[in-house]
Amino acid sequence: MSMTIALAGNPNCGKTTLFNELTGSKQHVGNWPGVTVDKKDGVYKKNKEVMILDLPGTYSLSPYSAEELVARDAIVRDRPDAVIDIVDGTSIERNLYLSLQIMETGIPMVIALNMMDEVEARGDEIDCERLSEALGVPVIPVVARSGRGLQKLMEAAIAVAEKHQKPKPVEWFGKELKNTITEIAGLLGGKDGDESLWKAIKLVENDEVVAKSIGEIKADPVRQLIKAANEKAGGDAEAKVADDRYQYIAKMIKECVRKAQRGHVETRSDKIDKILTNRILALPVFAVVMYVMFACTFSENFLFIEGLLSPGKWLEGMVGDLWGLFAGGVAGAVEGAGASEWAVGLVASCLDGIGSVVGFLPLVLVLFLLLSFLEDSGYMARVAFVMDRIFRHFGLSGRSFIPMLMGFGCSVPALMASRTLESDKDRKITMMITPFMSCGAKLPIYAMFAATLFAESNQTMMIFSVYMLGIVVAILGALILNKFAFRSDVSNFIMELPQYRVPTAKSVMIHAWEKVKGFAVKAGTVIFASTVLIWFLSNFNFRGMCDMEESLLASIGNGIKWIFAPLGWADWRASVGVVTGWIAKENIVATFGQLFGGISDEAVEAVMAGEEALPAISEVFNRVSAYSYMAFNLLCMPCFAAVGAIKREMGSWKWTLRAVGFQMATAYVVALLIQVAGNLFI
């Protein structure tokens, strides 16, 4: 029979790593809280009848943010056949708080005691059998990253699900609350092992959602009992519940865990944090790390050695040569087959457009490999912590920087990650400024202009500056929104800093590959369709086939170019690029590849030699107007997929249009300032 097993646990306890190992999926894994913001499902690879559900991390079943609500509903409302509660063995005291709450729901469960390799490395010992007896549920030691113990874990989970083996109620509550909780559970028709115990405890904790579900008939006697519980608990039954739980956990830990005898010893993470979270050094170190990352991707003189290409540029040249051979062969075959002139032109145009994007795949791959390494190491969590000191002055907490950092990959999951924010104000502001980050789709735009208009020695710094511009404008945008659109206090920032870990090659490669695959799929679908449409519009008008300057596309571009003329690019082709970029940002490069003559074999050789890649661009842009164009496309409305994500997360077209309007206005103003200031000083 088919069954559903949910994976629950605190943020960053290893749920998604375990999910990937059990299902063979390739979900994003990061060494920081908040990576999973929605539930994901997959089939257990050793038993197709078992569905595995990966839930967002939560510290308790009393949700304070949207993604915690997803986790609670999936457990309490949907009631899976079993729950695997992943407990971080290095922080067992804190993790077991959620375990007790899940047990109270009466759902069959198993505890996966994860990160046992780190527990053993510390010299600690956890008596899993004794802990299992104390909790009344199976406790299985595992190491999710290596797959150790997972077979035994799934056997235990399937067994409790098949037997409907509900956890035995653990009476952790003190005498002040015991009678009240028992009486409320009785009023709700409770029996041992069903969810009425959980509801009774939630009512004592003043949970409004549960209170609305009990009905008017039982409401009055329940209120009287809750009032009595508050009096017995000194006026705060909720705090008493938490205190009793932690006292019970502390008692269990004393009996089941033996920690190695050691005084205060600085861990490796503590020593590294003295530099990376230092009040003075943290931001300069972050800037240097980012610059080195871009140098590894774009530098023509890697490690300051003249003519030494960075890994990204070396791969770019190799892929460019291969694409040139492929495109030349296809075009030659079509022409040799005696195809009509328009068909040859269409094939050549599509190859030019897609080739313009494919040529930048190696840069995207190298950049995401490095970003994945930083995420999995635990460094990105420190960046969010450091940025809190800055963000607090602009009305946001450092937690908002996590979606922004994810925005370097793709805006869509970054916008979804805003669910981790507890404040509605923080969520809205974060969603409005997150698209200012340079996602992977914008990278080819910068690389195109860098190869065409900027000297070798300036290319890395130019691209680095565009990425930094996005961060600076996002921070200033948050200040403006907080001052004029929202007026409320700054949210508290509480975030667990994970231990530094050496990322596994498998995790880093999976993350990078997924990003590159998504990029390539766009090139093969959305961008291919766009290139066909652009070819048609740029070669036809209402009278039939024509020169590009008389085409429908030229008419559209000429009709809107006056809007962008003050920004330094009044050519209709530049205007058309902006519009096609709203479908997908990579489209701008594909559009330019067609309208400015394509990337020929000679142009590929020019890129390898550090010369101009699209020489015709220099007829329309100089360095100032090119930077203005890059800034506008960095900050303007994101792609349609990201706008759809804003709508889903905002839940309102009104707020979505406000966000898009703010982004378009910001892009125009910043691009105009760059054009004016650049012409004055350069």
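The six strands of an open sheet follow the order β2-β3-β1-β4-β5-β7, with mixed pairing. Strands β2 (40-43) and β7 (139-141) are at the edges with a single partner strand each, so one side of each has no neighbour in the sheet. This is a predicted model, in which local features need pLDDT of at least 70 and side-chain atom pairs count only at pLDDT 80 or more, while totals for chains, interfaces and linings use all residues. Residues are numbered from 1 along each chain as its sequence is written, and side-chain values use heavy atoms, without hydrogens and water.

**Sheet**
- Strands (E, at least two residues) and helices (H or I, at least four) are DSSP runs, numbered from the N terminus; two strands pair if DSSP finds at least two bridges between them.
- Strands β1 (residues 3-9) and β3 (residues 50-54) run parallel and are joined by five bridges.
- A6 has L53 in β3 as its bridge partner.

**Helices on the sheet**
- Angles run from 0 to 180 degrees between N-to-C directions, with axes fitted to C-alpha atoms, for helices over the stretch in contact (heavy atoms within 4.5 Å).
- Helix α5 (residues 128-135) lies across β5 (109-114) and β7, at about 155 degrees to β7.
- Helix α6 (residues 150-162) lies across β1, β3, β4 (82-88), β5 and β7, at about 165 degrees to β5.

**Positive phi**
- Most residues other than glycine have a negative phi.
- M115, in the loop between β5 and α4 (116-122), has a positive phi of about 60 degrees.
- H164, in the loop between α6 and α7 (175-187), has a positive phi of about 50 degrees.
- M115 is buried, with a relative accessible area of 9%, whereas H164 is exposed at 53% (buried is under 20%, exposed over 50%, partly exposed in between; 1.4 Å probe, protein chains only).
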